[in-house]
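Open the model in your viewer and keep the selection panel at hand. We will go stop by stop.

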Amino acid sequence: MDYKYKVVITDVYDNVSEIENRILGSVGASVVAGHCKDTTDIIDKAHDADALLVGDLPITKEVFDKLTKLKVVARYGVGFDNVDVRSATAAGVQVAITPEVMTTNVAEHTLALMLTIVRKIPMADNLVKEGKWSDPSKWAGPIPTIHGKTVGIIGLGRIGRAVVDLLRCFGVEIIGYDPYLSPETTHKLGFRIVPQIEPLLTESDFVTMHLPLTDQTRHMIGERELGLLKKTAFVVNCARGAIVDPKALYTALFQGRIAGAAMDVFENEPIDPTDPLLTLKNFIATPHMAFYSDDVHEKFRTEAAKEVARVLSGLRPTNLVNPEVLTQRTRCQL
Ligand SMILES: NC(=O)c1ccc[n+]([C@@H]2O[C@H](COP(=O)([O-])OP(=O)(O)OC[C@H]3O[C@@H](n4cnc5c(N)ncnc54)[C@H](O)[C@@H]3O)[C@@H](O)[C@H]2O)c1
């Protein structure tokens with residue numbers, strides 16, 4: 001069969017499924033699994049691609065320069081900090097995402113990390129398995145609860161608000177910080193929104209992040225911000241690792257300037273197994289898995305394939321992150 005278009009799935013673990021074959025086959029596209037290890041591999045294996053379906057690998061200016069037939073990049077999920085959107089726009093390439101589908105999973109994982117770190121579950125699990133059953137008041141130090149505490153939420157988009165919904169039954173006070181909310185939205189949320197981040201940091205017992213990684217938010221939680229937290233505070237990050245300065249976090253945890261931290265995301269992934277953070281008892285880590293469940297995996301692959309099919313059919317994707325590309329000649333019009 002002659003195909004009009006070629007679509008490459010870039011990520012190393014992903015194979016082509018019935019989902020991509022069905023959706024993209026219907027618009028005359030063949031789908032290939034690139035199993036790419038890095039950006040160079042993408043340029044090599046997808047040099048003649050019309051579209052990319054991408055996960056976490058960096059999609060750089062070089063990719064947009066070298067892949068001259070490329071028309072659309074669909075990123076699984078909502079964060080697109082690994083895609084050089086400016087270069088995509090300059091090259092006339094549309095960039096689409098699949099928001100919504102992962103929201104509940106990430107919100108649940110955030111709650112799971114909060115409960116795990118505050119209830120010292122990994123430590124307790126290890127001790128029981130080592131045969132060291134004992135009175136918890138003797139081995140664990142103080143074990144706080146979430147109930148009755150103040151939770152600071154940085155970023156009140158889809159996931160931040162889903163976390164708020166889950167927290168409602170915990171009897172907590174919520175403080176939010178999101179400078180991009182409209183006054184109407186702020187009013188409707190019905191909890192305290194602070195115009196500056198500082199009161200959230202000084203008053204919260206838990207601080208959780210649900211904002212994108214951008215030039216402005218890189219290391220926005222650094223030494224100064226961690227220094228404002230209570231000594232008993234916990235930090236949870238299911239957004240992007242680089243929002244928190246890892247060196248400052250290590251120092252704050254090591255010196256006991258905060259009580260603990262739980263992270264699903266890291267500045268460099270996978271995290272180096274010799275990273276000093278991983279030696280700390282008051283730090284717990286999961287491997288960027290908050291978004292994942294089998295049903296959601298199927299949904300975001302379906303949504304991403306549909307976005308590519310729309311662009312290859314001459315339609316606008318539903319979740320286009322660089323709409324300014326449409327005011328110039330896109331590669332679909334060349
Ligand atoms: N760990 C995972 O598996 C996983 C999965 C999905 C998403 N994420 C991350 O979660 C982030 C949030 O996802 P979402 O669906 O809620 O996105 P969203 O776009 O719906 O919400 C992001 C919110 O952050 C706010 N924001 C932007 N800059 C800010 C700043 N400087 N300070 C405070 N708030 C700011 C925005 O105004 C917006 O309300 C994504 O950008 C992504 O990086 C992680």
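Start at the ligand and select F291. A polar backbone atom of F291 is 3.1 Å from an oxygen atom of the ligand; a polar contact is a pair of N or O atoms within 3.5 Å, and within protein one must be able to donate a hydrogen and the other to accept it, while residues adjacent in sequence count only if both atoms are side-chain atoms.

Before moving on, note that this is a predicted model, where local features need pLDDT of at least 70, side-chain atom pairs count only at pLDDT 80 or more, and totals for chains, interfaces and linings use all residues. Residues are numbered from 1 along each chain as its sequence is written, and side-chain values use heavy atoms, with hydrogens and water left out.

Now show everything around the ligand. Select R158: a backbone N or O atom lies 3.0 Å from a ligand oxygen. For I159, the corresponding distance from a backbone N or O atom to a ligand oxygen is 2.8 Å.

Next, color α8 (residues 158-167) and α5 (103-118). Helices are DSSP runs of H or I, at least four residues, and strands are runs of E, at least two, numbered from the N terminus. The axes of α5 and α8 come within 8 Å and cross at roughly 55°. Axes are lines fitted to C-alpha atoms, for helices over the stretch in contact, and angles run from 0 to 180 degrees between N-to-C directions. The two helices are therefore oblique to each other (under 35 degrees is roughly parallel, over 145 roughly antiparallel, 65 to 115 roughly perpendicular, the rest oblique). Show the contact, meaning heavy atoms within 4.5 Å. Among its residues are V106, L111 and M114 of α5, and R158, I159 and L166 of α8.

Move to α1 (residues 18-25) and α13 (residues 294-312). Their axes come within 9 Å and cross at roughly 20°. α1 and α13 are therefore roughly parallel. Select I19, E20, I23 and L24 in α1; they meet α13 residues including E298, R301 and A305.

Two backbone stops remain. Most residues other than glycine have a negative phi, and most peptide bonds are trans. Select E100, in the loop between β5 and α5. Its phi is near 75°, a positive value. Finish at P270, in the loop between β11 and β12. A cis peptide bond joins E269 and P270, with omega about -5°.
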